[in-house]
Amino acid sequence: MSKFYHYQQHDAMDCGPTCLRMVAKHYGRVFSIQKLREATQIGKEGVSLLGISEAAESIGFKTLAVKAPFKQLEKDAPLPCIVHWKQNHFVVVYQIKKNQVYVADPAIGLIKYSYTEFESQWATTIIEGEKTGIALLLEPTQRFYQETDEQTKGINLSMLSGYVFKYKRLILQLFLGLFIGSILQLILPFLTQSVVDTGIQTRNLHFIYLVLAAQLMLFIGRMSVEFIRSWILLHISTRINLSILSDFLGKLLRLPVSFFESKKTGDILQRIGDHQRIESFLTGTSLNVLFSMFNLIIFSVVLAYYNLTIFGVFLISSIVYSIWIVLFLRYRRKLDNKRFALASQNQSSLIQLVQSVPELKLNNAEIKKRWEWENLQVKNFHLSVKGLALQQYQQTGAMIINEGKNIVISFLAATEVVNGQMTLGAMMALQYIIGQLNSPVEQLIQFMQHYQDAQISLERLNEIHEIDDEETTQKPLLHILPENQDIQLKNLTFTYTGAGNDPVLKNINLTIPQGKITAIVGTSGSGKTTLLKLLLKFYKPQSGEIRLGNVSLENISHKLWRSKCGTVMQEGVIFSDTIAENIAFSDEFPDTKKLLHAVKVANIQSFIEELPLSYNTKIGAEGNGISQGQKQRMLIARAVYKNPDFIFFDEATNALDANNESVIMTNLEEFFKSGSTGRRTVIVVAHRLSTVKNADQIVVMEKGEIVEVGTHAQLTQRHGKYFELVKNQLELGN
């Protein structure tokens with residue numbers, strides 16, 4: 001059996017799709033991790049076995065999920081198969097023989113377990129007195145072999161070199177500095193030999209002074225060249241790093257909102273950190289290795305000129321040294337992926353810890369959360385110990401090879417001096433040349449390691465670059481809204497990502513008339529907020545359609561649509577910035593007239609103007625320093641400032657007291673009438689039903705379905721679901 005191909009998972013939740021990717025590769029087909037992520041319906045909690053099964057079926061596998069004891073798995077299961085591991089992970093079992101179970105763990109690598117070890121991690125359920133575990137059996141069908149291998153849409157190192165070549169002139173200056181520096185270095189061994197063989201042996205102090213003066217001038221020249229080269233390199237690396245990171249952030253911000261629903265903050269932040277490694281490789285390691293290769297060639301020629309035997313010893317030992325280092329690259333890769341996953345988890349944990357301090361204190365949970373964080377540090381320590389051990393093994397072997405080479409070369413050179421075949425000055429020059437050759441060899445080794453690091457980082461970044469933008473160039477979008485702007489929902493169904501999830505919205509049919517106020521009410525979890533997010537193009541419906549007049553909303557540009565929409569969502573964000581910038585942050589420079597109008601409508605003007613710095617008062621991230629009611633009024637002011645044609649409010653007034661709510665609703669009713677094309681279209685989601693009493697149309701939702709539509713008067717007369725919702729709040733009685 002050929003060796004099983006292993007893929008490393010890049011995110012904590014990627015074990016399921018990565019396992020499926022390994023099985024597909026085993027049968028000869030290559031699929032991108034992003035395609036399998038989408039097929040398995042991965043979310044922030046990872047994937048289920050059902051999700052993996054459905055994804056496998058979609059690419060041509062026949063699957064069967066089983067609960068079985070180990071003996072049955074060993075006897076009957078077609079391998080490779082995917083098994084549920086330690087109750088929270090998936091791995092691939094690809095071979096069972098000779099009391100060994102061969103496992104491909106996407107988080108660790110290829111591992112062998114004894115039967116007992118494997119059973120203890122897999123068979124964690126006891127059924128009828130027998131230990132059983134869960135496995136997904138897969139066999140390829142004819143359709144699987146009809147699939148074509150995917151071509152990556154991401155970026156690679158050759159594409160990244162374009163960032164470097166934009167600075168051709170500066171790079172030419174660097175190479176000029178390299179050439180001059182190498183020539184200056186090349187002269188030094190000959191000067192050293194002349195000092196010993198001519199100056200010392202003839203006792204000619206004037207000659208020695210002259211040579212030393214020449215060496216001093218060469219040293220000053222080399223230092224000057226290195227000084228200039230460092231400044232040029234800093235200039236190039238800073239610009240390249242900014243370009244790469246800016247392009248990545250640009251790509252990140254073009255992704256659909258649904259992407260961020262399935263990613264942890266730590267994973268995204270770690271990928272931003274990966275850019276530093278790529279920039280370092282492009283501008284540091286790559287350029288340095290070019291300089292080193294030049295020096296290696298020049299000084300190798302000089303060494304061969306001095307003594308071919310010693311050159312042969314140096315060459316063989318350098319090859320052995322390189323092979324020794326390469327042997328460790330695979331283990332470095334495993335440790336790097338583990339370090340990434342742990343660093344991502346640690347970063348997410350730390351962000352959450354800092355942001356939730358008040359909540360922790362209210363629940364006396366500080367110690368518990370601190371212990372969770374400390375456990376991550378313990379794991380990080382153990383990983384660091386493994387990394388240090390690997391580095392020490394590598395360095396010990398490298399040191400033995402290097403020092404052994406130096407001892408052998410010194411012995412050979414000394415022997416030739418004693419036998420009269422080499423002068424003492426030539427021996428000293430040769431030692432200098434060996435010292436100059438050691439550095440390029442070291443840098444070549446570092447190049448291999450940094451190249452590996454850059455490749456790993458690129459693999460992680462390509463997971464972002466392979467995702468289609470929210471607005472793609474493949475499908476032309478409309479950049480003007482139709483005249484008829486009624487919103488029509490036809491047979492709309494939506495389910496959140498995750499295999500086996502129930503639909504949140506089921507077969508919704510509704511017309512939201514232009515220029516009218518439509519209120520959506522219902523119990524928690526009935527799908528109101530989800531419906532709003534679909535209207536704002538956060539997600540795509542699984543089936544059905546949303547139309548604006550006679551045009552599908554899918555065919556309208558996201559930017560155009562959202563520029564016409566003013567929104568206040570439940571999870572609205574206040575930035576760490578001034579009040580004016582928070583309200584008018586869609587504009588580069590706030591419009592004073594629009595700003596004053598917005599704060600008046602939101603009934604927050606008096607609060608702002610009483611502050612010492614008024615509109616220039618800076619507030620903390622997430623609205624620290626202001627109350628929930630004040631935050632909500634600022635979000636309303638932000639929506640009003642945009643002067644939109646469509647307004648979406650999701651519990652926009654639930655944190656307000658009755659007086660403020662009454663004033664704001666009166667102001668908003670006037671604002672709703674003053675659109676640029678007539679009355680604005682308003683969609684309001686609310687639990688507090690007094691805010692929707694005067695709506696032109698009230699939509700009642702329950703369990704993802706529309707159960708009633710009508711005005712307040714019509715619905716209360718029916719004594720249906722709406723009546724049940726409002727009778728306690730409005731004291732309607734029975």
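Helices (H or I, at least four residues) and strands (E, at least two) are DSSP runs, numbered from the N terminus. Helix α8 (residues 168-200), for example, holds phenylalanine 179.

The model is predicted: local features need pLDDT of at least 70, side-chain atom pairs count only at pLDDT 80 or more, and totals for chains, interfaces and linings use all residues. Residues are numbered from 1 along each chain as its sequence is written, and side-chain values use heavy atoms, with hydrogens and water left out.

**Confidence.** pLDDT is the predictor's confidence in each residue, from 0 to 100. Its mean over the protein chain is 80, and 85% of the residues reach 70 or more. Helix α7 (residues 157-165) has the lowest confidence, at a mean of 63, while strand β2 (residues 81-85) has the highest, at 94.

Burial is judged by relative accessible area: buried means under 20%, exposed over 50%, and partly exposed in between (1.4 Å probe, protein chains only). In strand β14 (residues 646-650), five of five residues are buried. Phe646, Phe648 and Asp650 point one way from β14, and Ile647 and Phe649 point the other way. Two strands pair if DSSP finds at least two bridges between them; the table gives the pairings of β14.

| Partner of β14 | Sense | Bridges | Residues that stand opposite |
|---|---|---|---|
| β13 (residues 565-568) | parallel | four | glycine 566 and isoleucine 647 |
| β15 (residues 681-685) | parallel | five | isoleucine 683 and phenylalanine 648 |

**Helices.** In helix α20 (residues 592-601), the buried residues are Leu595, Ala598, Val599 and Val601. They lie on the same side of α20 because they cover an arc of only 160 degrees around the axis, where the arc is that of the directions from the helix axis to the C-beta atoms. Thr592 and Lys593, on the other side of α20, are exposed. An α-helix has 3.6 residues a turn, so residues three or four places apart point the same way.

Helix α4 (residues 70-76) contains phenylalanine 70, which counts as buried at 6% relative accessibility. Between phenylalanine 70 and glutamate 119 the C-alpha to C-alpha distance is 6.6 Å, although they are 49 residues apart in sequence.

Phenylalanine 179 in α8 is partly exposed, with a relative accessible area of 44%. Together with Leu176, Ile180, Ile183 and Ile187, Phe179 makes a nonpolar surface patch of about 420 Å².

Notes:
Patch = residues over 30% accessible without salt bridge, like charges linked within 9 Å, V, L, I, M, F, W, Y side chains within 5 Å. Areas by Shrake-Rupley, 256 points an atom, 1.4 Å probe, with all protein chains shown as cover. Salt bridge = Lys/Arg side-chain N within 4 Å of Asp/Glu carboxyl O.
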